[in-house]
Amino acid sequence: MIAKLQDQIADYEDYVQTGNAFLDVILRDKSRKAKEESIDFHTELDFSKGNFIDALDISTIFGNALDNAIEACEKVELAGI
């Protein structure tokens with residue numbers, strides 16, 4: 001029961017507020033994926049002045065960059081490094 005509560009609390013601890021709601025969702029999703037793969041994922045980001053970037057571009061830039069980083073970490077772990 002304690003482990004279940006810790007997992008539920010961890011979801012709230014991992015929530016990042018960047019100042020851009022769309023980016024917050026992307027970071028939360030990628031953080032969850034990294035956690036599932038036992039990859040350390042820490043974020044400190046102030047994107048409150050990033051309103052000049054379209055939501056689709058935010059998704060493309062940050063989503064792809066984080067997917068690539070997670071994939072690279074998985075490859076490193078598989079190689080036993």
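Q: What does the side chain of Asn20 reach?
A: The Asn20 side chain reaches the backbone nitrogen of Leu23 at 2.9 Å. A polar contact is a pair of N or O atoms within 3.5 Å; within protein, one must be able to donate a hydrogen and the other to accept it, and residues adjacent in sequence count only if both atoms are side-chain atoms.

Q: What kind of model is this, and how are residues numbered?
A: This is a predicted model: local features need pLDDT of at least 70, side-chain atom pairs count only at pLDDT 80 or more, and totals for chains, interfaces and linings use all residues. Residues are numbered from 1 along each chain as its sequence is written, and side-chain values use heavy atoms, with hydrogens and water left out.

Q: Back to Asn20. Buried or exposed?
A: Buried, with a relative accessible area of 9%. Buried means under 20%, exposed over 50%, partly exposed in between (1.4 Å probe, protein chains only).

Q: Where does Asn20 lie, and what does Asn20 touch?
A: Asn20 lies in the loop between helix 1 (2-13) and helix 2. Not counting residues up to four places away in sequence, Asn20 touches Phe47, Gly50, Asn51 and Ile58. Contact means heavy atoms within 4.5 Å.

Q: How many helices and strands does the chain have?
A: Three helices and zero strands. Helices (H or I, at least four residues) and strands (E, at least two) are DSSP runs, numbered from the N terminus.

Q: How many aromatic pairs?
A: One. Phe47 and Phe62 pair edge-to-face, 5.5 Å centre to centre, with 85 degrees between the planes. Rings of Phe, Tyr and Trp (its six-membered ring) pair if their centres lie within 6.5 Å; planes under 30 degrees apart count as stacked, over 60 as edge-to-face and the rest as tilted.

Q: What does the pair tie together?
A: Parts that are 15 residues apart in sequence, because Phe47 lies in the loop between helix 2 (21-36) and helix 3 (55-79), and Phe62 in helix 3. Phe47 is buried, at 12% relative accessible area.

Q: Which residues form the largest nonpolar core?
A: Seven: Val16, Leu23, Ile26, Leu27, Phe47, Ile58 and Leu66. Helix 2 gives the largest share, three residues. A nonpolar core is a set of buried Ala, Val, Leu, Ile, Met, Phe, Trp, Tyr and Cys residues joined through side-chain atoms within 4.5 Å.

Q: And what is Ile58 in contact with?
A: Leaving aside neighbours within four places in sequence, Ile58 is in contact with Asn20, Phe22, Leu23, Ile26, Phe47, Ile53 and Gly63.

Q: What percentage of the chain is buried?
A: Buried residues make up 22% of the 81 residues.
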